[in-house]
Amino acid sequence: MISYVFIFAIPFLILGIFIYMNAVKVVQHEIEQANSYKLKQVQSYLDSQINGLKHMAAKMAFDQRLTPYTAKLNDYSAAETVKELSRYKDNSLILESVLLYFRNDGYIFSNEGVVSLNVLTKEMYPFPEAEREAFLQDLSTSLQITLKPAVPVQLRGTQEERLLTYMFPIMPNNSQPYGTVLFLINESMLTSMMSNMLGNVQGAVYLLNEAGEVLAVERTEDSPELERIMQKSELKTGEVISRIGSTSYSVMSEKSELTGWTYMIVMPTDQFWYRVIQFKQIAGLVLLLVLVIGIVAAWFVSFKKSGPIRALVAHLQHQSTPGRSERRSANEFEFIRGTVDDLHHYTLQLETNMEQQLPLVIDQMLYRALTGSGSEAETGAGSALYPHIQGQYYYVMVISYRQDSNQIVGSSGREALYRILNRVEVPGSNGFGIELLDEQAFALVMSVQDVVADTRAHQKQAADTIQALLREKLGIHSLIGVGTARSELSDINQSFIEGLATIEYRLLFPEGHVLFFEDTAKLQDHNRQYSMGDQMKFTQSLRMADQAVCLDSLHAMLDNMAQMEQSVLLLRYICFDLVNAVLKEMRTLKIGMDWPETKRMMEFQTLEDLRESMRIVVIRICEHVGAGKQTKRADLCAKIIQEIDQGYRSDQLSLDMLAQQFDVSASYISRLIREQTGTSFIEYVQQLRIEAVKREMLSTDRPIKDIIIEAGYQDMSSFIKKFKKSEGLTPGEYRKKARME
């Protein structure tokens with residue numbers, strides 16, 4: 001749409017402005033010419049009147065009836081002089097009065113009679129005191145033709161008029177004139193014609209002499225700005241527009257070559273240029289209308305053209321796109337590009353998070369698979385997420401971490417053991433280690449990449465390699481129990497149970513041996529008539545709360561017993577021996593002795609009664625043990641988090657310190673923290689410290705440096721960088737912004 005508007009608007013605006021400016025100039029020129037013509041008419045009229053006064057004064061100078069001898073001869077001659085002055089006054093339209101004064105005389109002749117100077121200046125034309133003295137002085141001493149600016153005079157009682165005094169010495173330019181012809185001109189006579197030019201508008205008309213003094217003025221408004229218009233510093237003759245104060249005024253002036261006077265009209269610009277302004281408004285509205293029509297047309301065309309893009313934008317806006325930031329843009333391409341960028345950044349962030357979380361996810365998935373709580377979907381997803389897990393078959397090695405002195409390895413030793421066994425590569429296999437706190441051992445899930453002819457030999461080779469690695473790196477001679485191989489990853493819990501059951505033979509075999517469940521399962525107690533392997537798997541699966549393996553082992557043992565060809569007493573003895581094994585585990589776990597199912601299990605009458613009652617008891621035991629393990633793990637995690645929350649200010653806080661305190665490996669604590677908080681140990685502590693600094697900055701006026709050091713940071717610059725990355729502001733900026741809000 002913008003491109004269409006530009007294609008239309010640029011040439012339109014250029015052409016429109018050109019036409020508009022030329023049309024405005026034409027109208028403006030017409031108005032200037034019209035007002036200039038009127039002003040010249042006024043000038044011509046007043047020039048003719050003033051010029052007539054000059055001729056009148058010259059004629060009076062040579063009139064014998066107006067000489068001192070004739071005028072002062074007697075009363076009759078004085079009366080004739082008065083009549084003669086009246087006739088002269090009648091020849092001019094602008095005169096208020098014509099006076100004749102003979103110097104050094106106390107009387108003055110006027111068209112109304114002969115009066116003294118005091119009567120003239122105090123009663124007939126009472127001038128202001130200052131103006132009266134100047135008037136009398138000029139009347140007696142003036143040698144040049146003089147036009148005095150208008151002054152206020154009280155006429156006929158209370159009526160006030162402004163009178164100009166026009167003096168002509170007789171004779172002019174004579175060093176000793178004998179008299180003065182005085183013309184009194186009413187200012188309104190001069191300005192009445194000029195005021196006709198203003199009409200109903202506001203403004204003023206000025207008449208200025210050669211020196212720039214105001215001889216007469218006619219105003220239709222009282223404004224300090226109109227008074228300032230006459231200051232020479234603000235007025236340039238010939239300018240059309242002048243700004244006086246806060247208002248723009250239009251000034252037009254004409255200077256008379258005959259008199260040297262300046263005729264000037266001043267009025268507000270918006271009135272002077274009324275027609276121009278009106279024309280501008282009409283032209284502007286027309287141009288605006290054309291522009292709006294053009295923009296609407298451009299919008300309509302762009303709307304039609306951008307249909308597919310708009311549909312795509314609407315689709316993206318209605319989609320819940322992860323990682324998309326809130327943006328408002330009228331440019332559809334910009335929106336699409338931004339959405340693609342958001343998806344790209346989100347994908348990169350997701351990949352980074354997956355790389356960070358993948359080891360934890362794999363460990364959790366394998367741990368659930370080992371304990372029988374995972375599903376086939378989870379193990380399948382784990383194989384897809386981490387291709388190294390995929391193999392032809394799988395088995396579990398259980399590595400007991402006891403030293404030659406039979407002392408359990410400490411937290412630092414377990415951490416070293418974890419670093420070695422976390423990810424192990426042996427010829428043809430990949431191993432994934434998981435720490436088993438309760439069993440004081442490591443479970444190593446082995447994924448065999450290719451099918452081998454002799455599985456037992458391949459397992460033995462892998463176990464010997466692990467033994468050699470532990471002896472070389474840590475000096476440990478561990479007992480390794482190897483479970484049977486399984487074709488599906490979801491079945492490794494059985495191999496894990498078998499490995500755990502195998503290391504129970506540590507009493508018979510010293511450290512450094514590798515035991516296979518297949519070998520121990522062949523040991524048969526003829527008094528029991530069922531496999532020792534089934535019994536070991538049954539007992540171990542009870543301890544591990546693996547319900548599926550436990551029930552499978554129970555059913556296998558009872559099926560063997562059902563096929564026995566023994567006396568009823570011996571069969572009953574064997575059944576009670578199996579019940580006693582369950583009761584022994586229940587006594588060890590301190591559970592179930594008062595359960596109704598326990599009594600029913602001891603009062604069985606048939607093998608089916610025993611099978612059903614033991615099934616119920618086994619399920620309850622597994623549920624209880626499983627809940628206890630989860631509670632124990634949750635309690636441990638809560639204690640670790642509590643310890644961090646209380647000691648995060650200490651610079652001694654570390655994973656190794658927590659590992660020694662809780663007697664677990666640092667890696668195990670790191671996994672627990674990430675499971676609980678979703679962040680690493682360092683990120684969690686950093687966030688606690690940042691929140692503490694924020695609280696202190698907002699609630700106290702303490703120096704920021706002291707707050708940061710108290711929070712556990714010694715490196716100020718490092719903390720400021722981390723704070724700005726987290727909050728987008730430095731600590732100082734954060735405190736200032738929070739207090740302003």
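The legends below accompany close-up views of one chain in a predicted model.

**Figure 1. Overview of the chain in the predicted model.** The chain holds 27 helices and 19 strands, and of its 741 residues 44% are buried. Among contacts in the chain with a separation of 6 or more, 60% are made by residues 24 or more positions apart.

**Figure 2. The largest nonpolar core and the surroundings of Leu 100.** This core has 39 residues, of which Leu 53, Met 60, Leu 100, Tyr 166, Phe 183 and Ile 185 touch the most other members. Helix α1, which spans residues 2-61, gives the most to this core, contributing 9 residues. When residues up to four places away in sequence are not counted, Leu 100 touches Leu 66, Thr 81, Leu 85, Ile 108, Phe 109, Ile 170, Thr 180 and Val 181. Another core lies apart from this one and has 29 residues, including Ala 369, Ile 497, Leu 515 and Met 544.

**Figure 3. Asn 493 in helix α15.** Helix α15 covers residues 492-503 and includes Asn 493. The relative accessibility of Asn 493 is 7%, and this residue therefore counts as buried, since the cut-off for buried is under 20% relative accessible area. Leaving aside residues up to four places away in sequence, Asn 493 touches Ala 369, Leu 370, Gly 372, Asp 546 and Val 549.

**Figure 4. Asn 104 in the loop between β1 and β2.** Asn 104 sits in the loop that runs between β1 (95-102) and β2 (107-110). Although Asn 104 is not a glycine, its phi is positive, at about 65°. Asn 104 has a relative accessible area of 81% and is therefore exposed, the cut-off for exposed being over 50%.

**Figure 5. The crossing of helices α21 and α23.** The axes of helix α21 (residues 607-647) and helix α23 (residues 666-677) come within 10 Å and cross at roughly 90°, so the two helices are roughly perpendicular to each other. On the side of α21, the residues that take part are Arg 633, Leu 636, Cys 637, Ile 640, Ile 641 and Ile 644, and these meet Tyr 668, Ile 669, Leu 672, Ile 673, Glu 675, Gln 676 and Thr 677 in α23. The contact of α21 with α23 consists, by class, of 9 nonpolar, 2 polar and 2 charged residues.

**Figure 6. The crossing of helices α24 and α26.** Helix α24 (residues 681-699) and helix α26 (residues 716-727) have axes that come within 11 Å and cross at roughly 85°; α24 and α26 are therefore roughly perpendicular to each other. From α24, the residues Gln 686, Gln 687, Ile 690, Val 693, Lys 694 and Met 697 meet Phe 719, Lys 722, Phe 723, Ser 726 and Glu 727 of α26. Sorted by class, the contact of α24 with α26 comprises 5 nonpolar, 3 polar and 3 charged residues.

**Figure 7. Pro 703 in the loop between α24 and α25.** Pro 703 is placed in the loop that links α24 to α25 (704-710). With a relative accessibility of 47%, Pro 703 counts as partly exposed. Between Pro 703 and Gly 732 the C-alpha to C-alpha distance is 9.8 Å, while in sequence these residues are 29 residues apart.

**Figure 8. Thr 70 in helix α2.** Helix α2 runs over residues 68-71 and contains Thr 70. Thr 70 counts as partly exposed, at 25% relative accessibility. Gln 64, Arg 65 and Ser 77 are touched by Thr 70 when residues up to four places away in sequence are not counted. Thr 70 and Glu 80 are 10 residues apart in sequence, and their C-alpha atoms are 9.3 Å apart in space.

**Figure 9. Val 266 in strand β11.** Strand β11 extends over residues 262-268 and includes Val 266. The relative accessible area of Val 266 is 0%, and Val 266 is therefore buried. Val 266 and Met 252 are 14 residues apart in sequence, with a C-alpha to C-alpha distance of 6.8 Å in space.

Conventions:
Residues are numbered from 1 along each chain as its sequence is written. This is a predicted model: local features need pLDDT of at least 70, side-chain atom pairs count only at pLDDT 80 or more; totals for chains, interfaces and linings use all residues. Side-chain values use heavy atoms; hydrogens and water are left out. Helices (H or I, at least four residues) and strands (E, at least two) are DSSP runs, numbered from the N terminus. Buried means under 20% relative accessible area, exposed over 50%, partly exposed in between (1.4 Å probe, protein chains only). Contact means heavy atoms within 4.5 Å. A nonpolar core is a set of buried Ala, Val, Leu, Ile, Met, Phe, Trp, Tyr and Cys residues joined through side-chain atoms within 4.5 Å. Axes are lines fitted to C-alpha atoms, for helices over the stretch in contact, and angles run from 0 to 180 degrees between N-to-C directions. Angles under 35 degrees count as roughly parallel, over 145 as roughly antiparallel, 65 to 115 as roughly perpendicular and the rest as oblique. Ala, Val, Leu, Ile, Met, Phe, Trp, Tyr, Cys and Pro count as nonpolar, Asp, Glu, Lys and Arg as charged, and the others, Gly among them, as polar.
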